[in-house]
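Grab a pencil and work through these exercises on the structure below. Try each task yourself before you read its solution.

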Amino acid sequence: MIPEKSQFQTKADSVPPPPLEHNMRLYDMVQQLVTSKAVVVFSANDCCMSIVVKHLLFGLGVGPMVVELDEHVDGSGIQAILCQFSKPNQPIPAIFIGGKFFGGVESLITYHVNGKLVPLLKEVGALWL
């Protein structure tokens, strides 16, 4: 019996994709993720600013999708993509609200202090009260 073609592993199957192709896949993955949830936070467990962002959002009753880059297999690649949205020297925490890049901890705190955060979160469906 001859095995089906899918049972053969070719050299092309074992070679990692070129960096540009890999980056495009990561970019597409990030875009799909941030548009599928009301609030997405790209974070790192050892980043104190990420901890502040998560505590504030959870404290308000928001259940954001949290992507811990230090635990993700493609964390460094995703972080490089986030630099396109944020300050290159401070890509995390990166917050997306309503499918759009919102900013980092400074933006979140500013909106919260000015009373604009809760209405925005209600508008995108992240809060119901």
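**Exercise 1. Which strands does α5 lie across, and at what angle does α5 run to β4?**

Before you start, note that this is a predicted model, where local features need pLDDT of at least 70 and side-chain atom pairs count only at pLDDT 80 or more, while totals for chains, interfaces and linings use all residues. Residues are numbered from 1 along each chain as its sequence is written, and side-chain values use heavy atoms, with hydrogens and water left out.

Step 1: Find the strands under the helix. α5 lies across β3 and β4.

Step 2: Read off the angle. α5 runs at about 80° to β4. Axes here are lines fitted to C-alpha atoms, for helices over the stretch in contact, and angles run from 0 to 180 degrees between N-to-C directions.

**Exercise 2. List the elements of the protein from the N terminus on.**

Step 1: Know what is being listed. Helices (H or I, at least four residues) and strands (E, at least two) are DSSP runs, numbered from the N terminus.

Step 2: The protein has 6 helices and 4 strands.

Step 3: Write them in order: α-α-β-α-β-α-β-β-α-α.

**Exercise 3. Work out the strand order of the sheet and name its edge strands.**

Step 1: Recall the general idea. Strands of a sheet pair through backbone hydrogen bonds, either parallel or antiparallel. Two strands count as paired if DSSP finds at least two bridges between them.

Step 2: Start from β1 (residues 39–43).

Step 3: Valine 66 in β2 is the bridge partner of valine 41. The chain gets from β1 to β2 through α3, and this β-α-β crossover is right-handed (with the strands pointing away from the viewer, the path from the first strand over the helix to the second runs clockwise). Phenylalanine 42, for its part, stands opposite valine 67 in β2.

Step 4: The open sheet of 4 strands reads β2-β1-β3-β4, with mixed pairing. Its edge strands are β2 and β4 (100–103), each of which pairs on one side only. Neighbouring strands are turned by 25° against each other on average, direction ignored.

**Exercise 4. Is β1 mostly covered or uncovered?**

Step 1: Set the cut-offs. Buried means under 20% relative accessible area, exposed over 50%, and partly exposed in between (1.4 Å probe, protein chains only).

Step 2: Count. In β1, 5 of its 5 residues are buried, so the strand is mostly covered.

Step 3: Sort the side chains. Val39, Val41 and Ser43 point one way, Val40 and Phe42 the other way, and all are buried.

**Exercise 5. How do α3 and α5 meet, and which residues make the contact?**

Step 1: Get the geometry. The axes of helix α3 (residues 48–60) and helix α5 (residues 105–113) come within 10 Å and cross at roughly 35°.

Step 2: Name the residues. Contact means heavy atoms within 4.5 Å. From α3 come Met49, Val52, Val53, Leu56, Leu57 and Leu60, and from α5 Val105, Leu108, Ile109 and His112.

**Exercise 6. Why does lysine 54 count as buried, and what does lysine 54 touch?**

Step 1: Lysine 54 lies in helix α3.

Step 2: Check the number. Lysine 54 counts as buried because its relative accessibility is 11%.

Step 3: Find its contacts. Not counting residues up to four places away in sequence, lysine 54 touches Ser43, Ala44, Asn45, Val66 and Glu68.

**Exercise 7. Where does alanine 38 lie, and which residues is alanine 38 in contact with?**

Step 1: Alanine 38 lies in the loop between α2 (19–36) and β1. With a relative accessible area of 24%, alanine 38 is partly exposed.

Step 2: Leaving aside neighbours within four places in sequence, alanine 38 is in contact with Phe96, Ile97, Gly98, Val124, Gly125 and Ala126.
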